Amino acid sequence: MAWLTGQGRTGQWGTEPFSGLPERVAQVEKYAGTYLVRVAETAEGRVAGVCVLADEPQEYVPAAGEPELYVRLLVTDRALRGAGVGAALVADARAEAVRRGVGLLRVDCFGGGDGALAAQYERLGFTPSGTFTVERPGRPVWPGRVLEIRL
């Protein structure tokens with residue numbers, strides 16, 4: 001969060017750390033208890049990134065109409081930028097989809113700002129496949145993009 005805020009990228013998740021927002025804490029607890037969570041670690045055992053995988057998309061994303069594996073969350077330690085943490089987690093997600101016999105891996109992301117996040121997913125092998133918006137009472141509409149990898 002500090003890195004995003006420092007970059008002036010507050011439209012994606014705001015400025016408050018998730019640990020200080022009860023709704024975000026509940027979301028993370030749900031993810032940990034409901035979905036497949038993959039944690040990437042450094043050789044020293046420090047968390048380098050996390051990927052949360054589910055059989056269905058977020059509630060605000062249209063269903064694919066076919067079996068899929070969905071990346072609900074992908075975060076990496078910005079101190080390790082360029083070390084391939086995100087690429088390793090996406091490779092693991094691809095392998096998990098293949099293991100399950102699923103031919104589609106999808107993710108959604110913030111579609112506003114300069115589009116840098118969607119571009120990063122494209123560098124990781126995803127192809128744009130749609131857009132959506134999330135209405136948020138009392139706050140600006142949240143623009144999103146859906147990207148996919150066909151396996």
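Predicted model: local features only at pLDDT ≥ 70, side-chain atom pairs only at ≥ 80, totals over all residues.

What follows is a set of questions and answers about the labels used for this structure.

Q: What makes the 6 strands an open sheet, and in which order do they lie?
A: Strands are DSSP runs of E with at least two residues, helices are runs of H or I with at least four, and both are numbered from the N terminus. Two strands pair if DSSP finds at least two bridges between them. The order is β1-β2-β3-β4-β6-β5, with mixed pairing. β1 (36–41) and β5 (127–134) each have a single partner strand and stand at the edges, so one side of each lacks a neighbour in the sheet. On average, neighbouring strands are turned by 25 degrees against each other, direction ignored.

Q: How do you know that β5 and β6 count as paired?
A: They share 7 bridges in the antiparallel sense, and the criterion asks for at least two. One of the bridges sets F132 against G144 in β6.

Q: What makes β4 a partner of both β3 and β6?
A: Strand β3 (residues 69–76) pairs with β4 in the parallel sense over 3 bridges, and V71 stands opposite V107 in β4. On the β6 side (residues 142–150), 7 bridges join the two strands, which run antiparallel; there C109 stands opposite R145.

Q: Why is β4 called largely enclosed?
A: Buried means under 20% relative accessible area, exposed means over 50%, and partly exposed lies in between (1.4 Å probe, protein chains only). In β4 (residues 104–110), 7 of the 7 residues are buried, so the strand is largely enclosed by the rest of the structure.

Q: Why is the unit of β3, helix α3 and β4 called right-handed?
A: The name applies if, with the strands pointing away from the viewer, the path from the first strand over the helix to the second runs clockwise. β3, α3 (residues 85–100) and β4 make such a right-handed β-α-β unit.

Q: How do you know that α3 packs on the sheet?
A: Contact means heavy atoms within 4.5 Å, and α3 touches β1, β2, β3, β4 and β6. Its direction makes about 160 degrees with that of β3; axes are lines fitted to C-alpha atoms, for helices over the stretch in contact, and angles run from 0 to 180 degrees between N-to-C directions. Helix α4 lies across β3, β4, β5 and β6, running at about 160 degrees to β4.

Q: What makes a set of residues a nonpolar core?
A: The set consists of buried Ala, Val, Leu, Ile, Met, Phe, Trp, Tyr and Cys residues joined through side-chain atoms within 4.5 Å. The largest one here has 22 residues, and those with the most contacts inside it are V71, L74, L105, Y121 and F126. α3 gives the largest share, 5 residues. A second, separate core of 7 residues includes V61, Y70, V134 and W142.

Q: Why is the pair of Y121 and F126 called edge-to-face?
A: Rings of Phe, Tyr and Trp (its six-membered ring) pair if their centres lie within 6.5 Å; planes under 30 degrees apart are stacked, over 60 edge-to-face, and the rest tilted. Y121 and F126 lie 5.7 Å apart centre to centre with 85 degrees between the planes, hence the edge-to-face label. Y121 is buried at 7% relative accessibility, and F126 is buried at 3%.

Q: Why does T42 count as buried, although T42 lies in a loop?
A: T42 sits in the loop between β1 and β2. Its relative accessibility is 16%, so T42 counts as buried. Leaving aside neighbours within four places in sequence, T42 is in contact with A48 and L80. A48 lies in strand β2 and counts as buried too, at 4%.

Conventions. Residues numbered from 1 in each chain as written. Heavy atoms only, no water.
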